[in-house]
Amino acid sequence: GIHTGYHSAQESDHDDVDDIENQIFIEGAYTVPDDNEQTETIERLHEQLGSAQQELQVAKSQLAASIVEVDGEVVPDDMSGSNNKRKTSTFAFILCLGVIAVSMGLAISFSNRSDTNGDETFKVVAQVLPPVLKAAQKRGILRCGVQEHDSLGFIAFNNKTNEREGFEVDLCKAVAAAALGRSYRYELVPTTGLNRFVTLAGGEIDVLIASTTHTFDRDVHELSAGMGFSFSSPYLYDGMTFNGVPEFVTCADKLSAVEDCTGILICSILGTTWHDKTKELFPSSNLVIVEDQVESIQNLIEGKCNIIQGGQYDAPEIIVRGYGYDGPYAQGKISFTKEPLAMVTRDDDPEFAAFVYKVIQVLLLAETQNVTMMTASTVSGTTEFFGVTNALTAVGNYGEVYTRHLSSISPRS
């Protein structure tokens with residue numbers, strides 16, 4: 001479900017911004033109208049394209065003629081001083097018609113285009129939304145996309161406080177406090193590796209904070225959503241290792257799936273950079289496809305795979321044992337990827353992207369200047385912290401956040 005958290009003496013009575021007047025469907029990366037309008041548009045484009053092609057043929061025929069009329073007399077075209085202008089005009093006319101024809105053909109082609117993932121067609125609803133900051137302030141709540149399942153240190157349910165807590169939860173709080181003030185409220189909206197970008201593109205969340213790696217493809221054109229996204233500065237760097245039954249960890253580090261290593265079975269999480277890399281390194285017959293890390297560890301417990309993917313934060317022995325695994329365990333010594341984890345926002349709102357970028361920068365800067373949660377109010381008027389001091393008041397500087405949630409898993413060197 002959706003977890004709602006807040007930090008306020010009084011509940012906010014702001015209504016959600018659901019009164020969106022316009023919605024358009026995007027199949028892949030191309031915007032098209034509704035079904036009826038689409039059919040009419042396609043028919044009209046076919047007619048116009050046919051007409052343009054006929055006119056193009058006529059213009060070509062005229063240009064092919066070797067004589068032109070000058071001052072009422074028919075003369076060879078190379079004797080006419082003004083003929084070059086006529087030829088230039090005709091060329092321009094043909095070029096214009098050609099561009100129109102190609103454009104119409106592309107429009108028809110694009111209107112029937114859809115991106116697929118396997119047999120599934122993704123349709124992203126691109127809502128005509130106001131800027132995120134304005135919408136969140138009117139709504140009185142910031143919506144953060146987070147990992148669906150608990151991930152120790154990043155997001156996990158605390159039985160004592162009855163709330164989900166963790167490093168990424170604190171990042172959500174920091175952005176919420178900076179955007180909404182000290183009486184901030186936030187929602188933690190569960191997402192998966194497969195739906196997180198579609199959820200963000202559709203406006204169901206304001207910012208994605210779910211251990212998401214910044215890659216060039218996702219920056220320019222993420223496949224599941226059919227569009228690019230904006231990324232903050234990285235808040236953590238990690239890398240994928242192969243972990244699990246020691247003898248097969250050795251096989252994985254050697255990239256071997258033959259002889260003594262033929263039995264290697266790697267749980268690989270769909271929708272992740274880990275999965276993309278693992279597909280390059282091992283045959284598909286050695287992969288067991290899963291949806292998240294919880295399923296990976298459960299498969300390790302049940303013997304369905306003997307290797308799980310992970311990094312220094314999500315696959316150390318303390319976490320795997322916490323899920324009930326009691327067999328032999330080792331972590332790989334080789335990191336096969338470099339993972340800059342960052343907060344993600346929609347590409348169509350550069351103001352909010354810059355705002356989120358500034359929040360993480362301020363948390364990092366505060367640590368270097370020894371500004372803490374307790375002393376944050378003393379720098380509220382300075383240029384470096386102007387406008388986002390509430391983020392520090394809410395969660396403290398980067399070092400405080402890390403110590404609170406991740407130092408027991410992977411101490412900072």
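## Aromatic pairs

Rings of Phe, Tyr and Trp (its six-membered ring) are taken to pair if their centres lie within 6.5 Å, and planes over 60 degrees apart count as edge-to-face. The model examined here is predicted. Phe-154 belongs to the loop between strand E9 (142–147) and strand E10 (156–158), and Tyr-313 to the loop between strand E19 (307–310) and helix H10 (317–322), so the pair ties together parts that are 159 residues apart in sequence. Phe-154 counts as buried because its relative accessibility is 2%, and Tyr-313 counts as buried at 5%.

Tyr-325 and Tyr-329 form another aromatic pair, also edge-to-face, at 6.1 Å centre to centre and 65° between the planes. Both Tyr-325 and Tyr-329 are buried.

## A cluster of rings

Phe-154 and Tyr-313 also belong to a cluster, in which ring pairs link them with Phe-167, Tyr-235, Tyr-398 and Tyr-402. Over the face of Tyr-402 lies Arg-412, at 5.3 Å from the ring centre.

## Enclosed space

The structure contains 1 cavity of 30 Å³ or more. The largest cavity holds about 560 Å³ of space. It is lined by 31 residues, of which Gln-147, Ser-211, Ile-269, Trp-274 and Gln-293 are the closest to its centre. Helix H8 (273–281), helix H9 (293–302) and strand E21 (339–341) are the elements that give two or more residues to this lining. The largest share, 3 residues, comes from H9.

Sorted by class, the lining of the largest cavity comprises 10 nonpolar, 12 polar and 9 charged residues.

## An open sheet

Five strands form an open sheet in the order E18-E17-E19-E16-E20, and their pairing is mixed. Strand E18 (287–290) and strand E20 (330–331) are the edge strands, each of which pairs on one side only.

Within this sheet, strand E17 (residues 266–269) pairs with E19 in the parallel sense, over 2 bridges. Ile-266 stands opposite Ile-307, a residue of E19.

How values were computed: Residues are numbered from 1 along each chain as its sequence is written. This is a predicted model: local features need pLDDT of at least 70, side-chain atom pairs count only at pLDDT 80 or more; totals for chains, interfaces and linings use all residues. Side-chain values use heavy atoms; hydrogens and water are left out. Helices (H or I, at least four residues) and strands (E, at least two) are DSSP runs, numbered from the N terminus. Buried means under 20% relative accessible area, exposed over 50%, partly exposed in between (1.4 Å probe, protein chains only). Rings of Phe, Tyr and Trp (its six-membered ring) pair if their centres lie within 6.5 Å; planes under 30 degrees apart count as stacked, over 60 as edge-to-face and the rest as tilted. A charge sits over a ring if NZ of Lys or CZ of Arg is within 6 Å of the ring centre and within 35 degrees of the ring normal. On a 1 Å grid over the protein atoms alone, a cavity is a set of points where a 1.4 Å probe fits but cannot get out, and a pocket is an open set with protein on both sides within 12 Å along at least five of seven lines; lining residues have an atom within 4 Å of a point. Grid points are joined across faces, edges and corners, and a volume is the space filled by probe spheres set on the points. Ala, Val, Leu, Ile, Met, Phe, Trp, Tyr, Cys and Pro count as nonpolar, Asp, Glu, Lys and Arg as charged, and the others, Gly among them, as polar. Two strands pair if DSSP finds at least two bridges between them.
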